[in-house]
Amino acid sequence: MDTCPSIKNILLLDSEGKRVAVKYYSNDWPTNSAKEAFEKAVFTKTQKTNARTEAEIAMLEGNVIVYKFVQDLHFFVTGGEDENELILATVLQGFFDAVGLLLRGNVDKKEALENLDLILLCLDEIVDGGIILETDANVIAGKVASHSVDVGAPLSEQTISQALATAREHLTRSLLK
Amino acid sequence: MAQPLVKKDDDRDDEEYSPFLGIEKGAVLQEARVFNDPQLDPRRCSQVITKLLYLLNQGETFTKIEATEVFFAVTKLFQSRDIGLRRMVYLMIKELSPSADEVIIVTSSLMKDMTSKTDMYRANAIRVLCRITDGTLLTQIERYLKQAIVDKNPVVASAALVSGIHLLETTPEIVKRWSNEVQEAVQSRAALVQFHALALLHQIRQNDRLAVSKLVTSLTRGTVRSPLAQCLLIRYTTQVIREAATTQTGDRPFYDFLESCLRHKAEMVIFEAARAITELNGVTNRELTPAITVLQLFLSSSKPVLRFAAVRTLNKVAMTHPMAVTNCNIDMESLISDQNRSIATLAITTLLKTGNESSVDRLMKQITNFMSDIADEFKIVVVEAIRSLCLKFPLKYRSLMNFLSNILREEGGFEYKKAIVDSIVILIRDIPDAKENGLLHLCEFIEDCEFTYLSTQILHFLGTEGPKTSDPSKYIRYIYNRVHLENATVRAAAVSTLAKFGAMVDALKPRVFVLLRRCLYDGDDEVRDRATLYLNTVGSDGEVIETDKVVKDFLFGSLDIPLANIETSLKNYEPAEQPFDINSVPKEVKTQPLAEKKAPGKKPAGLGAPPSGPPSTVDAYEKLLSSIPEFSDFGKLFKSSAPVELTEAETEYAVNVVKHIFDRHVVFQYNCTNTIPEQLLENVTVIVDASEAEEFAEVASKPLRSLPYDSPGQIFGAFEKPEGVPAVGKFSNMLRFIVKEVDPTTGDVEDDGVEDEYQLEDLEVVAADYVMKVGVSNFRNAWESIGPDFERVDEYGLGPRESLAEAVSAVISLLGMQPCEGTEVVANNSRSHTCLLSGVFIGNVKVLVRLQFGIDGPKEVAMKLAVRSEDDNVSDMIHEIVASG
């Protein structure tokens with residue numbers, strides 16, 4: 001208890017309990033099958049609850065799990081038994097809101113998979129090796145979305161990259177309509 | 001059959017489009033070749049990395065070769081200046097966790113990024129490099145890391161600090177050199193930098209209590225910006241409080257700080273502080289009140305996480321301070337119907353702990369509605385809470401017992417059913433009024449019980465309790481039904497139970513015998529054997545005669561020998577003419593050798609431990625003693641004491657002694673070790689002066705021919721004493737020997753020796769040496785079966801003691817008896833304690849002791865000692881031990 005608050009894992013599952021993106025920081029689940037078994041247990045335990053307006057909480061296998069659902073996405077943050085529940089909830093809220101900002105409000109599985117790079121970067125910015133890096137959704141999203149170009153880049157390359165970025169923007173817009 | 005399946009898949013694809021549909025590792029690895037293109041397409045490359053990361057995230061693994069290839073390809077991407085792509089490259093490198101020789105390839109690129117002007121590059125490069133690096137590389141980049149810690153960009157500073165926390169585990173000596181920079185970062189205006197700096201600083205200094213205390217003192221006065229840092233500070237503060245509490249008295253230091261945190265604006269800080277206060281050692285009600293008040297507010301929060309956190313903490317408080325939580329009962333009751341089942345269960349169990357007699361019925365009604373839709377693990381928690389509630393309010397047993405029997409009938413797993421059965425059994429034992437009712441509930445349960453273990457347990461319990469009820473005959477039907485309907489294990493248990501009824505209740509004997517005779521035709525060996533045994537021993541003619549007490553004891557008496565001892569004895573038993581004698585099995589409960597309190601710091605095993613085995617095992621002693629012809633006619637060894645040191649640690653000769661008690665003799669076994677390499681001792685004897693031990697007379701001694709350096713040897717001395725009498729006395733000991741010089745290099749021994757003596761400490765034989773640790777399985781039953789004929793009760797003042805626990809353990813070790821039912825453990829902060837001890841006095845007299853302790857303000861401990869035994873003198877003797885101790 002005298003130690004730093006720590007996060008054991010962050011899970012983003014779909015409405016059938018399949019992985020969209022997960023990140024484990026502790027060695028409690030050493031193999032992929034152990035991880036999958038844990039995800040299945042968490043999913044089944046929380047499936048029937050209504051965690052859409054407020055984050056919910058459960059205990060499983062000596063862990064505290066806070067979770068929140070939106071559309072067909074289930075967000076989970078796991079911590080140790082003695083962890084301050086409100087710290088876990090803050091991390092969950094940071095992740096949840098940052099994903100919302102990055103996906104511009106269209107938070108569902110399809111959008112999340114199409115922007116999986118953003119989701120993975122987002123996870124990377126929230127927790128580093130179990131230690132909380134940042135919990136403010138705006139800061140997290142800001143760090144992930146800084147797709148501007150290196151100031152030191154030569155002018156020619158810069159224009160090309162920018163052109164590509166713009167093209168990409170147009171493409172996704174037209175696809176989404 | 002295949003056709004529709006495919007179609008279904010197609011349908012799903014339409015509605016659930018995924019960019020990764022049909023993705024294949026091989027194909028993606030092929031795609032990764034674009035990383036090698038001279039004209040890099042950053043977008044394309046990002047996509048490929050995302051695909052690779054997706055595969056890894058789904059649990060796909062790369063072979064060593066594949067991983068190496070991908071790694072080398074990815075390193076090429078450092079050429080691109082696209083920030084988005086670079087971010088993906090960082091992620092990929094971390095995921096691949098390259099080997100040491102691969103790390104070298106990217107080191108220079110990452111070090112370049114670490115010194116880049118772009119903050120994002122610096123921060124990420126630090127995290128990546130510290131993740132994959134080893135100690136040798138760290139010294140090269142240490143300078144940059146120290147700079148980064150105090151970087152004005154908070155992201156960079158945090159990245160360096162967090163990396164520092166990770167590196168502290170592998171290369172602490174390097175990270176510890178950064179403490180000046182970290183100290184500076186603690187003062188940072190950026191909230192999270194402060195949090196990370198504080199965490200790292202504390203971890204650097206965690207073994208230095210003074211430094212931690214100073215850190216806490218300065219920070220609790222200053223301003224901490226981040227709620228997370230404030231939580232950390234609360235944790236460190238409680239650590240300081242805990243360590244200070246043992247030395248200081250009066251007002252608790254830093255309590256005011258914790259209390260002020262209850263008014264912080266961030267909920268996580270308020271909660272952390274409230275929880276910290278409830279967990280303080282020996283927290284007073286006055287200290288608790290403000291924490292309970294904020295937790296009570298959380299109970300009615302709209303956020304489930306907040307309610308859960310509060311109710312979980314209050315639940316823990318209710319275990320030690322139930323009265324402090326009663327104020328929250330109304331809020332708690334509204335949580336029984338909470339959507340979140342975890343919250344509801346915690347609320348229920350808290351209420352059961354804090355509830356009063358009048359609210360029991362109402363509570364039970366609410367719980368009944370809710371039991372059906374919670375998981376088994378929660379049900380067990382509820383059952384356990386109800387059990388303790390019932391013991392607290394025995395008058396309410398009727399409604400609680402009904403509740404238990406109702407849930408026993410419902411569906412449930414083994415652990416749950418076992419918890420219910422255990423609860424009913426405990427209630428029957430402790431509340432006499434509940435007995436008949438409870439037994440019938442159990443009878444009904446075994447009529448339809450799918451768990452063999454529970455059936456046999458209940459049958460055994462019925463056999464013990466059933467015959468003592470007013471109408472034992474009504475249980476027979478339930479028991480005999482088992483003989484018809486169940487598997488062999490349960491049938492055998494039922495036969496034993498029937499026989500018990502027959503043996504205990506004479507009126508039922510003829511009828512029980514008729515039933516037992518039918519069991520002789522059972523298909524199972526064990527069932528038939530048991531029936532035959534009982535028919536032949538309990539009295540085969542079916543006459544109404546009282547069964548012999550000896551037979552009863554043989555068949556149904558409790559086995560007062562530890563099972564582990566029987567097991568070793570049976571393993572040692574060699575098939576021979578002589579049958580196995582159960583009386584030869586040692587009854588002493590084996591314990592770990594304890595270091596004598598008088599000699600702190602000594603090696604617990606004792607230097608002179610006999611080479612034949614660990615010093616405390618009775619078997620080893622018995623074997624050793626029986627191999628010495630002089631002691632062969634002493635009879636059976638009653639007890640061997642733990643080794644008592646007779647010399648200080650680190651002296652020339654180390655001697656300890658083990659006291660072996662026989663019925664008419666005492667044998668001292670001196671374990672001697674010579675610790676001087678230049679000496680050889682010969683004709684070593686112990687001269688024992690028994691002038692202060694009048695009842696003892698020396699009959700034999702067995703000296704040691706020679707005692708070379710560092711090879712322990714034993715000397716024995718035997719004394720005769722009056723039979724069966726716990727004679728006590730003091731013996732002074734002198735080691736006498738001939739010293740011969742030895743050349744330690746060659747091992748040559750000089751021919752001439754000098755006679756010398758060495759004074760040893762005195763040795764005492766005390767009354768506790770005549771008491772053997774023998775546990776009983778059920779103290780209450782044993783206590784009642786001995787009866788009050790030779791009960792002796794008296795009160796003693798033990799004077800000022802450090803704590804109740806210390807007083808209890810002192811009396812236990814004084815008496816040398818076995819604590820029963822875990823009563824040797826004293827709950828934290830309790831003002832009174834009851835301790836149950838059992839043992840066997842020499843002459844095979846069973847002794848039970850009930851100790852009641854109380855402590856008042858200035859640590860004065862008083863004790864009431866009640867002794868029951870089968871012998872008047874023995875009861876008095878126990879009192880004498882305490883009175884003189």
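# Talking through a predicted two-chain model

Buried residues make up 51% of the 885 residues in chain B. The model is predicted.

Trainee: Let's start with chain B. How many helices and strands are there in chain B?

Mentor: Chain B is the one with 885 residues, 51% of them buried. Its accessible surface comes to about 42500 Å², and 50% of that belongs to carbon and sulfur atoms. As for its elements, chain B has 37 helices and 17 strands.

Trainee: And which pattern does chain A follow along its sequence?

Mentor: Chain A has 177 residues, of which 55% are buried. It holds six helices and seven strands. Read along the sequence, their pattern is β-β-α-β-β-β-α-α-α-β-β-α-α.

Trainee: What share of the contacts with a separation of 6 or more comes from residues 24 or more positions apart in chain A?

Mentor: This value can be given for each chain. In chain B, residues 24 or more positions apart account for 65% of the contacts with a separation of 6 or more. In chain A, the share is 49%.

Trainee: Five strands of chain A form an open sheet. Which are its edge strands?

Mentor: Good place to look! The strands stand in the order S2-S1-S5-S4-S3, with antiparallel pairing. An edge strand pairs on one side only, and here that holds for strand S2 (19-24) and strand S3 (56-60) of chain A.

Trainee: By how much does that sheet twist from one strand to the next?

Mentor: Keep the order S2-S1-S5-S4-S3 of chain A in mind as you step across the sheet. From one strand to the next, the twist averages 20°.

Trainee: Which residue in S4(A) is the bridge partner of A:Ile57?

Mentor: S3(A) pairs with strand S4 (residues 63-70) of chain A over five bridges, in the antiparallel sense. In general, strands of a sheet pair through backbone hydrogen bonds. The partner of A:Ile57 in S4(A) is A:Val66.

Trainee: At about what angle to S4(A) does helix H2 of chain A run?

Mentor: Find helix H2 (residues 85-102) of chain A first. This helix lies across strands S1 (7-14), S3, S4 and S5 (73-80) of chain A. Its angle to S4(A) is about 30°.

Trainee: Is A:Glu61 buried or exposed?

Mentor: A:Glu61 is in the loop between S3 and S4 of chain A. Its phi is positive, about 50°, although A:Glu61 is not a glycine. The cut-off for an exposed residue is over 50% relative accessible area. A:Glu61 has 54%, so this residue is exposed.

Trainee: And what is the phi of A:Gln71?

Mentor: A:Gln71 lies in the loop between S4 and S5 of chain A. At 55% relative accessibility, A:Gln71 counts as exposed. A:Gln71 is not a glycine, yet its phi is positive, at about 45°.

Trainee: Back to chain B. Why do the buried residues of H11(B) line one face of the helix?

Mentor: In helix H11 (residues 179-186) of chain B, the buried residues are B:Ser179, B:Glu181, B:Val182, B:Ala185 and B:Val186. Seen down the axis of H11(B), they fall within an arc, so they line one face. An α-helix has 3.6 residues a turn, so residues three or four places apart point the same way. The arc for H11(B) is 155°.

Trainee: Which exposed residues are on the face of H11(B) turned away from its buried side?

Mentor: The buried residues of H11(B) are covered by elements of chain B including helix H8 (135-149), helix H9 (154-170) and helix H12 (191-205). The face turned away from the buried side carries the exposed residues B:Asn180 and B:Glu184.

Trainee: Which residue's backbone nitrogen lies 3.0 Å from a polar side-chain atom of B:Ser226?

Mentor: B:Ser226 sits in the loop between H13 and helix H14 (227-245) of chain B. At 2% relative accessibility, B:Ser226 counts as buried. Among the residues B:Ser226 touches are B:Ala191 and B:Phe195. The backbone nitrogen 3.0 Å from a polar atom of its side chain belongs to B:Leu228.

Trainee: One last stop. Which residue takes a positive phi in the hairpin of S9(B) and S10(B)?

Mentor: Strand S9 (residues 729-742) and strand S10 (residues 749-759) of chain B run antiparallel and are joined by eight bridges. Across this pair, B:Val739 stands opposite B:Val754. The hairpin has six residues between the strands, and the residue with a positive phi near 85° is B:Gly747.

Terms used:
Residues numbered from 1 in each chain as written. Chains lettered and ligands numbered in written order. Predicted model: local features only at pLDDT ≥ 70, side-chain atom pairs only at ≥ 80, totals over all residues. Heavy atoms only, no water. Buried < 20%, exposed > 50% of the residue type's maximum accessible area, 1.4 Å probe, protein only. Helix = DSSP H or I, 4+ residues; strand = E, 2+ residues; numbered from the N terminus. Arc of directions from axis to C-beta. Contact = heavy atoms within 4.5 Å. Pairing = 2+ DSSP bridges. Axes fitted to C-alpha atoms, helices over the stretch in contact; angles between N-to-C directions. Polar contact = N/O pair within 3.5 Å; in protein donor to acceptor, adjacent residues only side chain to side chain. Areas by Shrake-Rupley, 256 points an atom, 1.4 Å probe, with all protein chains shown as cover.
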